[in-house]
Amino acid sequence: MGIRLKELGVLLICTLIIGLLFHQCTFEPHHEFISPRKAPEPISVSFIINDPTFNDPYYLVAPTRLIFKLKDLNNTIISSEITLNGRSIDSEIYRNGVEFGLNPHLMAIGSHSISMTFNVDTKSGSLANRLGAEYYVIKQTFTVIIDPTPPVFNSFEAGMENGYLQMKWSGTDKTNFVYKIKRTHYGRSLSDTLIQDTRINHYIEPGYVGGEIHYQVVASGVGFESVVGSGTIEHTPADFQIAKNDEGVPQFMWSNTYINPEKVQIYISDNNPVKNDLRIPLSPSGSIDLDVPTLGNDMRLYFDLYRTGYFSQRLQVHLYLPAIPNIKPFVQFEILNENKLILVTDEKIYRYNLKDIILEDSLSFAELGINSSRQIVFTPDKSKAYIWGNSFTFIGFDPLAFDKFTYHDVEFISKELTEPSARWSSFSLGSFSNTGLASLSFFGGVYYTMIFDIEKGIITWLSPKGDGIVPIISGDGKYFIKKIASIFEDEKAKIFKRENETFNIIGEIEGSDYIFNPDNTKIISFSKISPYHDLNTKFYNLLEEPQDPSNSYIFSKYVTIPNSLGNSDGLRRITYDPYTNYFAITYDSALKLMNASTLKYEKSIPGFRLDFSNNYILRPSGFIEAVK
Amino acid sequence: MKKLIFIPLLFLITSVMAQESNTLLFRVGIGTYSMKSQKKFQQDYLRSSKIPFVNVHNFPAFPTFGGSFGIRISPSASLGLWAEYASTGGRLHYKDYSGHAVLDQVLKTFQIGPFIQYNINNSTTWPVYLTLHSSVANTNENIRSEIKVGNQTVKESYKLNSLNYTLRPGFMMSRQVSAMVFQLGIGTELQLHGTLKENKDLYFKTSDGKELVAQWDGLRLTFGIGFKL
């Protein structure tokens, strides 16, 4: 120990100094950040209201939602309060507008006070603004009036003016209503058009383009709907028609347009005789070509007329051009060598000159002593026609002159072949040769078929008892085909050949239908596995007889004809035309012509179940035209 | 309270224990403070607030005050006791025409413990020593927030404290003039940090999931003046 007093004094002073410093120099935060931000300036605002006719006082005519937005100010509305006569009502802020509803049916008649308070963000960015304690307070009030007194109108008139349906009425000073324009177009109610501006006293109907329309102008307010005026008009917008021009091309034409054609369109869909959908502006007049209809088809055109933007008020127009027959409707036809056409109807037989399609002559069944329509059978060279008369006689005649009648009595056959127990007997004609042979079928308690020599009046061949399938005889009378089997998959026929005065079997062929070619050297057979299968067509050379008559001929050519063109468009019939050497294959929608030599399709003619012969197409409803 | 204990205790020790080969020193210095956790807390508050605070104080370097008493245990080495006081703080502040908002974080620490120093250059005029100080450091933090808009004020404050353990390796150069001793020291403060808590229960977590602590780690520069006893 030896601290001197001096040193002790210094030690004490240092201790006091350190202690003082120690007490004074603890860190204390003292810096501040003061923002130069200034307080926002006061603002004045106006409003954008969803009802363009809004006024103060506001006449409330129906439950209404009002939306108030700040005009030229995109500051956010933070909150709002709406009061009706001092009582707060529901409101919501949506897309920076305040929306609330007023319902006159829940308010008393008379005046009501609406007070609106909007708290709007100042966007100053100050401390108070960021904490939501600073905003603009915007107040606005207006009066709502419920007035159930309807307005009075002194006049109303309506009619077509400048091609538009226009309605005019006397004005009114009242504003406690809205106008409703009501329309019914062909019984279909259209949406009401609302006019909120009560100063308006004139309405131009934009969508009316013709037809029947019922209209009504109504003043609608709280507790009333007053009819200002009403009426009905019906106008044809233009003269529309379809007709054939000088070249025979059908055309759709219009003229004398009555309505204002501004923005009016004609719409023709492709369900009509046009290639594609068509939209044509309506002009005072115009025309368009249409597709040529198939033979015998009527022309129908359906189109819509409408003004753009008002398709619901379209006028549907239907035009019709019937097909005009150029020959008699027929049940049977035959084209003869001299460009003549024979038609058989229910009552008569007609003959036409095909050069100009002019009726030359007619022969009634009554003149032949026949009391109903019968089928006529022609010889292959078309020089003679035969028809079954009454009783046991068939009649032959010259189809080119409707004369040279011959009568052929076969009653003796009936007496010979009729069964004792049979109550009745009858004959039917099959086919004829050019040499005076005919195939007949007979029923007299049992069936027989036969070859009958017309000249000699004798039966040259008789089938076994019970056979009712009539033979098909060749044009030269040398052969006939006799179908023997009727099982669908296995139909066959025997070929008979005349040797001396008798017919003998020389072979068999397949098929269910048969025809001889014009020079009688071939047989064409047609067969199907089932009604739903395609048609097999085979060609047999008659001169290539099998060595054994019980054997089949061998076919030289073969072609399959489709049973359908698809979509239930089925095969109706197939005929052989000796004039053109075509097979005429008739479907529901088209006629196809196949060259019988090359077995190639050469033409396809659209049309419904068309017949064909000698380059003419026909329809039984009474139409004929040359193939183009 | 600690100030009232420390000053007389220091005087008493030096008066009773002083010997001619012993040293009593008073030190002042400057320290830098890491305070990562406190800065993170400050940033979290800034991010979560709608207020455009500005960071006006970010736990700056601040003077330290302390002293030591050393006993020579060999011609080259001394052993002793040392103590030190330090403080720093952070502030977020914003003020405009409509009001002001502030977040203050003020931290104070008092540490005491043993030291050892060893002469490394055998100089008698300008001896240089390698020093190692260790201590227990007690930290107090006061967190205060205040928002005033118009006439309305909202305040909140928390008093937290924690205990850290420190180690400070460094160097010291000394010069004796008659009985007076002058020293210049430099060192690095390393600490183990305890969680700052209020009433032993409430503590804060920063957005990285860690508990709020006081990180006094950093550089220390001290200047001491004293006596050979």
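This is a predicted model: local features need pLDDT of at least 70, side-chain atom pairs count only at pLDDT 80 or more; totals for chains, interfaces and linings use all residues.
Figure 1. Over all chains, 30 salt bridges are counted. One of these joins the side chains of Glu501(A) and Lys456(A), with an N to O distance of 3.7 Å. The two residues lie 45 residues apart and link distant parts of the chain. Glu501(A) sits in the loop between strand E39 (492-499) and strand E40 (502-510) of chain A, and Lys456(A) in the loop between strand E35 (447-453) and strand E36 (458-462) of chain A. Glu501(A) is partly exposed, with a relative accessible area of 47%. Lys456(A) has a value of 52% and is exposed, because the exposed class begins over 50%.

**Figure 2. Salt bridge between Arg572(A) and Asp588(A).** The closest N and O atoms of this pair are 2.6 Å apart. Arg572(A) is partly exposed at 44% relative accessibility. Asp588(A), at 12%, counts as buried.

**Figure 3. Salt bridge between Arg144(B) and Glu146(B).** The side chains meet with an N to O distance of 3.2 Å. Arg144(B) has a relative accessible area of 29% and is partly exposed. Glu146(B) is buried, with a relative accessibility of 13%, so this residue falls under the 20% limit for the buried class.

**Figure 4. Network of salt bridges in chain A.** The linked residues are Lys340(A), Arg351(A), Glu360(A) and Asp361(A).

**Figure 5. Open sheet of 5 strands in chain A.** The strand order is E2-E9-E8-E4-E5, and the pairing is mixed. Strand E2 (58-59) and strand E5 (87-89) of chain A form the edges, each pairing on one side only. E2(A) runs parallel to strand E9 (residues 135-146) of chain A, and 2 bridges join them. Tyr59(A) stands opposite Ile145(A) in E9(A).

**Figure 6. Nonpolar patch on the surface of chain B.** The patch has about 1100 Å² of accessible area in total. Its residues include Val28(B), Ile30(B), Tyr118(B), Trp126(B), Leu130(B), Phe171(B), Leu184(B) and Phe223(B). At least two patch residues come from each of strand E1 (23-31), strand E7 (152-177), strand E8 (180-192) and strand E11 (218-228) of chain B. Leu130(B) is located in strand E6 (residues 128-149) of chain B. With a relative accessible area of 44%, Leu130(B) is partly exposed, and so passes the patch criterion of over 30%.

Note on methods: Residues are numbered from 1 along each chain as its sequence is written. Chains are lettered from A and ligands numbered from 1 in the order in which they are written. Side-chain values use heavy atoms; hydrogens and water are left out. Patches are made of residues with over 30% relative accessible area and no salt bridge: like charges are joined within 9 Å, nonpolar side chains (Val, Leu, Ile, Met, Phe, Trp, Tyr) within 5 Å. Accessible areas come from the Shrake-Rupley method with a 1.4 Å probe; for residues, only the protein chains shown count as cover. A salt bridge is a side-chain nitrogen of Lys or Arg within 4 Å of a carboxyl oxygen of Asp or Glu. Helices (H or I, at least four residues) and strands (E, at least two) are DSSP runs, numbered from the N terminus. Buried means under 20% relative accessible area, exposed over 50%, partly exposed in between (1.4 Å probe, protein chains only). Two strands pair if DSSP finds at least two bridges between them.
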